[in-house]
Amino acid sequence: MNPVEIKNICKTYTRKRFLSFGKKEETPVLKDVTLALKEDRVLGLVGESGCGKTTLSKIVLGLEKPTSGQVIVDGKDLGNLSKAGFKKIRRFMQVVFQDPYSSLDPRMTIRQIISEPLDIHGLYKEKSTRKKVLEELIKSVGLSVEHLNRYPHEFSGGQRQRIAIARALALDPKILIADEPVSALDVSVQAQILNLLKEIKQKRRLAMLFVTHDFAVARFLCDEIAVMYKGRILEYAPGEELFSNPQHPYTEALFSAVPVPDPVHQKKRQAVSVAARADMEGHLCPFASRCRYVCAECGQTPPMLKEVRPGHFCACTALPFKKKKSSFAI
Amino acid sequence: MISPACVLDVQDLHVSFSTEEGTVPVLKGLSYSLAKGKVLAVVGESGSGKTVHALSLLRLLPPTAHIDSGKILFDGKDLVSLSPSSLRKLRGARISMIFQDPMSSLNPVLTIGEQLTETILAHRKISKLRAKALAVRLLKKVGIADAAKRYDQYPFQFSGGMCQRVMIAMALALEPDVLIADEPTTALDVTIQAQILRLIKELQAQAGMSAVFITHNLALVADVADEVLVLYGGLCMEQAPVHTIFEKPLHPYTQGLLHSLVSIRQKADFLPAIPGNPPVPGQECPGCPFAPRCPRALKKCFKERPPLFEQDGHKVACWLLEEKA
């Protein structure tokens, strides 16, 4: 039994437009997403902006309701839980958000921020135990005890993200959802936080969902990676397998577009062109209009995830034809 | 000394901000020269002064900031002391700028075409019709399909990447000598980023334009730059040709920065991060701004600011190089 099972999640946002006579505008953001978070594993969810990766993480957290499909946490369906039942589950599932400037209350001290989840769940009420727990937590994220009495504005971005991580760890969760936790940080600080997340995951055997747009970060931290595009998972594979054998044309295009910090190598590389062509709109494959291997079948058959190599799933109808692809290196 | 091939020469530029707590220096003596047809990448973390430096080049700083001293020489004129009206003639025509967030840099209530022709008509005495023809041609050049139709659309009808293309078209409309690009692709997805970079490189090579490219992303630097300037705490730490920076970085900060990069090319178990946090402007020590985080800091580093030691075009501000120089 995996800690989290995401089964056939679909999410459509609807809005009523003014003077539209009851007609609704529907925007599908997630289409039939099935994934699982495993104990002591990090699942990377990688995609460009607007692909639905944040929406999916919100649904897993229960912050958004899916239009259809189930999220099963610890054997229980999130959709059928009572308020009290949900609170129990939430204790084991915590989140770290992208922006450490807006996710910490500026009027609370760090002690109050980290204590809040403990208060809500009524844990460690005894004064000396609470003190000990807080001190251990703040040290485990690389800050010191005197930081507890300060306010968020006294900290830099990286330190704030450490505080957000300490708050998430306060309840000793089994599941951690991290939504772009390092993308707002400076390069030199980013490395510190990535090391910290890796260390925490190993120590606590967490099941982690790591949402990112950065493949380099995903390669460092993730055990499995799902590549998402327009609300669909196009490719899913163990991390190293994905980087050595990317199968989907979209993944290939993304890899080729990521610049590498090596001027000699980088100046030789050529990004795969993915300019959108209007004539391909309406194809069943969401990537068809930008794909260079597009064929007639892409318009007829919806792309389904198929196992193309052991443990490696890819949703591409044109896949067998793709073999004539030019060799390319990351 | 200005060599004839140099288009922009910044000399000992000091910029500070007036705040409630007093004056906070942000740039503490930045000097460099930009060669014709070359791309200089200015790399730095947040608070290093890289955007302030970009804004001060065109005197676009907010009212609380002021240039205390220094010179910015362009075409024999000092931009720091130039009159507002002569400066206005240069902005957009000879030196132009691309900002980080394309969505907020365009005016939402004017069409793309109106904004493009506004720039052109402000500097050239041509008819509106010819300005429109030029604008449409520019939109085509930056890869916007169906340019004539797009000309009459508003920014909200464009995606982020398309808006940035419009910004580039606007910046290049009058064939400037210098392009200042302040994190032009940070707000964009990687595939779009690759397109925009290719576009800037192509146009830059065609027109022989020089560019100052400001970024925090070292991988982008490897892609676009000829020369790299590493900025930290308002000071230049190291400046060298791009290959030298990546192969033989001499400053501990540059070395640390390169080591701490996450690589997409191989899996690492641990990242050798630089400990500590970037300095907050106004709270640095009197010596080298990197000294508190530096693994090889000497006593001297905390007390005295190192000068730029130069050898074969490789400039490094670090006391460790004192004996070698």
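Me: Which residues of α8(B) meet B:Gly161, B:Gln164, B:Arg165, B:Ile168 and B:Leu172 in α7(B)?

Reply: This is a predicted model: local features need pLDDT of at least 70, side-chain atom pairs count only at pLDDT 80 or more, and totals for chains, interfaces and linings use all residues. Helices (H or I, at least four residues) and strands (E, at least two) are DSSP runs numbered from the N terminus. Contact means heavy atoms within 4.5 Å. The partners in α8(B) are B:Ile192, B:Gln195, B:Ile196, B:Leu199, B:Ile200 and B:Leu203.

Me: How many nonpolar residues does the contact of α7(B) with α8(B) have?

Reply: Ala, Val, Leu, Ile, Met, Phe, Trp, Tyr, Cys and Pro count as nonpolar; Asp, Glu, Lys and Arg as charged; the others, Gly among them, as polar. The contact has three polar residues and one charged. The nonpolar count is seven.

Me: Are α7(B) and α8(B) roughly parallel or roughly antiparallel?

Reply: Axes are lines fitted to C-alpha atoms, for helices over the stretch in contact, with angles from 0 to 180 degrees between N-to-C directions. α7(B) (residues 160-172) and α8(B) (residues 190-207) pack at about 15°, axes 10 Å apart. Under 35 degrees counts as roughly parallel, over 145 as roughly antiparallel, 65 to 115 as roughly perpendicular, the rest as oblique. α7(B) and α8(B) are therefore roughly parallel.

Me: At what angle do α5(A) and α6(A) cross?

Reply: Helix α5(A) spans residues 157-169 and helix α6(A) residues 187-204. Their axes come within 10 Å. They cross at roughly 15°.

Me: How much area do chain B and chain A bury between them?

Reply: Buried area is the accessible area (1.4 Å probe) that two parts lose on being put together, summed over both. The contact takes 41 residues from chain B and 42 from chain A. Carbon and sulfur atoms carry 59% of the buried area. The total is about 3600 Å².

Me: Which residue of chain B does A:Asp262 meet in a salt bridge?

Reply: A salt bridge is a side-chain nitrogen of Lys or Arg within 4 Å of a carboxyl oxygen of Asp or Glu. The count between chain B and chain A is one. A:Asp262 meets its partner at 3.6 Å, N to O. The partner is B:Arg265.

Me: How far apart in sequence are the parts that A:Glu39 and A:Arg205 tie together?

Reply: Residues are numbered from 1 along each chain as its sequence is written, chains are lettered from A and ligands numbered from 1 in the order written, and side-chain values use heavy atoms, without hydrogens and water. The side chains of A:Glu39 and A:Arg205 form a salt bridge at 3.3 Å, N to O. A:Glu39 lies in the loop between β2 and β3 of chain A, and A:Arg205 in the loop between α6 and β8 of chain A, so the separation of the tied parts is 166 residues.
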